[in-house]
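Reader: I would like to learn how to read a ligand site and a pair of aromatic rings in a model. Could you take me through them one by one?

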Amino acid sequence: MKLFVDTASLDEVKRASEWGLVDGVTTNPSLIARENVPYRKRVLEICDVVGPGKAVSAECIEPEFDKMLAEARDIAKWHPNIHVKVPLTPAGVEVMARLSPQGVRFNCTLIFSLPQALLAAKAGAKFLSIFVGRVDDMGSGEAFKTVEDAVDMVNTYEFPNQPEVLVASVRSPLQIVEAVRVGAQITTAPFKILEELFHHPLTDAGIERFAKDYQEALAHAARNA
Ligand code: G3P
């Protein structure tokens, strides 16, 4: 399973890359807006930090087909790591159908249902970004049903670019556990949620106990020397 970090913060991308666990980065206009830096510049900085072969998603802003097509063509040329993010709209689907046969890789975003995932897969998306947090925020409890069905779909049928299901809009480690359980190929999570994955009280207690036992053994050896 691939783990992406969902951020536009260069510090967070650097730290997560140092762990050696990060397979890619997802950004979106809201995350970039928080950083107060030019969009293209920050995306290129992220590409440099993560290194070759890691997927970096950069999102189109233009809603209309003609402008989105031009924007997607431009973003795709920024860097070899780029996956162009387009929303699941008729324009986004048409842009993917037009450019994916030319080798542009797409992350189709704002997917909330299986029919939407099907449209994105057929249009040539590489990543199907299903937003679980925003659905769970509404209290429906159905977020992972869509993920599970989409995983079955991509494992059952052939699509143009062998799409992968990407669990996005993650709010808690529990949603990552659920993503693993249903066999999602990718999860993207905010840096603070990735950090939380490390923690378990028994790990902390175990480290403390090993250190204490070791110091006691050294002291015992010194006394008997
Ligand atoms: O990057 C897409 C997604 O992860 C956004 O999440 O927290 O704005 O629902 P959120």
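Reader: Which residues are around the ligand?

Author: This is a predicted model, in which local features need pLDDT of at least 70 and side-chain atom pairs count only at pLDDT 80 or more, while totals for chains, interfaces and linings use all residues. Residues are numbered from 1 along each chain as its sequence is written, and side-chain values use heavy atoms, with hydrogens and water left out. A residue is near a molecule if one of its heavy atoms lies within 4 Å of it; here those around the ligand are Asp6, Asn28, Lys85, Phe131, Arg134, Ala168, Ser169 and Arg171.

Reader: Which polar side-chain atom lies 2.6 Å from an oxygen atom of the ligand?

Author: A polar contact is a pair of N or O atoms within 3.5 Å. One such atom, in the side chain of Arg134, lies 2.6 Å from a ligand oxygen, Arg171 places one at 2.7 Å, and for Lys85 the distance is 3.4 Å.

Reader: How is a pair of aromatic rings described?

Author: It is described by the distance of the centres and the angle of the planes. Rings of Phe, Tyr and Trp (its six-membered ring) pair if their centres lie within 6.5 Å, with planes under 30 degrees apart stacked, over 60 edge-to-face and the rest tilted. The count here is six aromatic pairs; among them, Trp19 and Phe198 are edge-to-face, at 4.8 Å centre to centre and 65 degrees between the planes.

Methods:
Polar contact = N/O pair within 3.5 Å; in protein donor to acceptor, adjacent residues only side chain to side chain.
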